[in-house]
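Good morning, everyone, and thank you for letting me take a few minutes of the meeting. Please have a look at the sequence and the model first, and then I will walk you through them.

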Amino acid sequence: MQISDNWPGYSLDLFTYPQHYYGDLEYVLIPHGIIVDRTERLAKDIVQDIGDNDIVVLCVLKGGYKFCADLVEHIKNLSRNSERFISMKVEFVRLKSYHNDQSMQDMQIMGGDDLSKLTGKDIVGTGRTMKVLLNNIEKYKPKMIKVASLLVKRTSRPDGYRPDYYGFEIPDLFVVGYALDYNEHFRDLNHICVINDHGKAKYRV
Ligand code: IMP
Ligand code: MG
């Protein structure tokens, strides 16, 4: 699903969102309901492709926790209502690479001791984070690795990483909400929104 560069988004007044973020956001890029509906379809595609294999879901914290939880929930529902029940394990890794809205050079990976067949991720920006993570997972020689990311940014970089499944291709904007943060703030916002200059200044570190 493509969100074009000239998409003006939805006015914040059309939705509800936490009062502590009033004045900090520009507009709603993707409302929560659409995120959940699109994720349901990704779950269906994944279940179709995965065949009779069991899955180990590797959730990339912290930003991927909402997407991962909703995706797992949809996969569970689909498998419950079908003949073949998919067995799922869930593992977590934590990656940290951003300071303010800038991608940093050094990347920390913490946790994740089981091999994975599927990874659930929040967003692919430059794709740098994903490449580092995949290099680490491949050491475990899993039978199959599939990457699901809610968002893919349209960056100018031609070597940009492409996940196997993604929810939305978005303009190269810094977005927050649905577990995505700006210096740890805005994870408690349901919709995916674009932060304004006031919000950036307020939570800058
Ligand atoms: P990449 O290495 O540039 O692909 O960035 C990957 C990670 O940075 C993601 O997993 C996010 O946690 C974070 N990130 C990238 N873009 C954004 C954004 O627009 N908002 C919030 N976090 C972001
Ligand atoms: Mg972050």
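Predicted model: local features only at pLDDT ≥ 70, side-chain atom pairs only at ≥ 80, totals over all residues.

Let me begin with a loop: Lys62 sits between strand 2 (55–61) and helix 2, where helices (H or I, at least four residues) and strands (E, at least two) are DSSP runs numbered from the N terminus. The peptide bond that leads from Leu61 to Lys62 is cis, and its omega is near -5°.

Residues are numbered from 1 along each chain as its sequence is written, chains are lettered from A and ligands numbered from 1 in the order in which they are written, and side-chain values use heavy atoms, with hydrogens and water left out.

Now to the overall chain, which has 4 helices and 9 strands, and which, read along the sequence, follows the pattern β-α-β-α-β-β-β-α-β-β-β-β-α. Of its 205 residues, 49% are buried, where buried means under 20% relative accessible area, exposed means over 50%, and partly exposed is in between, using a 1.4 Å probe and protein chains only.

What lies inside? The largest nonpolar core has 27 residues, and Leu29, Ile30, Leu151, Ile170, Val175 and Ile192 are those with the most contacts inside it; such a core is a set of buried Ala, Val, Leu, Ile, Met, Phe, Trp, Tyr and Cys residues joined through side-chain atoms within 4.5 Å. Helix 1 gives this core its largest share, 6 residues. If we leave out residues up to four places away in sequence, Val175 touches Leu29, Ile123, Leu151, Ile170, Leu180, Ile192, Cys193 and Val194, a contact being heavy atoms within 4.5 Å. There is also a second, separate core of 13 residues, which includes Val28, Tyr182, Cys193 and Ile195.

Val175 brings us to the ligand as well, for it is one of the residues that come nearest among the 15 around ligand 1, together with Lys121, Thr126, Gly127 and Thr129; near here means that a heavy atom of the residue lies within 4 Å. Which element supplies the largest share of that shell? Strand 5 does, with 4 residues.

Let us turn to the polar contacts, which are pairs of N or O atoms within 3.5 Å; within protein, one must be able to donate a hydrogen and the other to accept it, and residues adjacent in sequence count only if both atoms are side-chain atoms. A polar backbone atom of Val175 is 2.5 Å from a nitrogen atom of ligand 1, a side-chain N or O atom of Thr129 is 2.4 Å from an oxygen atom of the ligand, and a polar side-chain atom of Lys153 lies 2.8 Å from a ligand oxygen atom.

I will finish with two backbone angles. Most residues other than glycine have a negative phi, and most peptide bonds are trans. Lys141, however, has a positive phi of about 50°, and this residue is found in the loop between helix 3 and strand 6, where it counts as exposed at 69% relative accessibility. Phe186 has a positive phi too, near 80°, and its place is in the loop between strand 8 (175–176) and strand 9. Is Phe186 buried or exposed? Phe186 is buried, with a relative accessible area of 0%.
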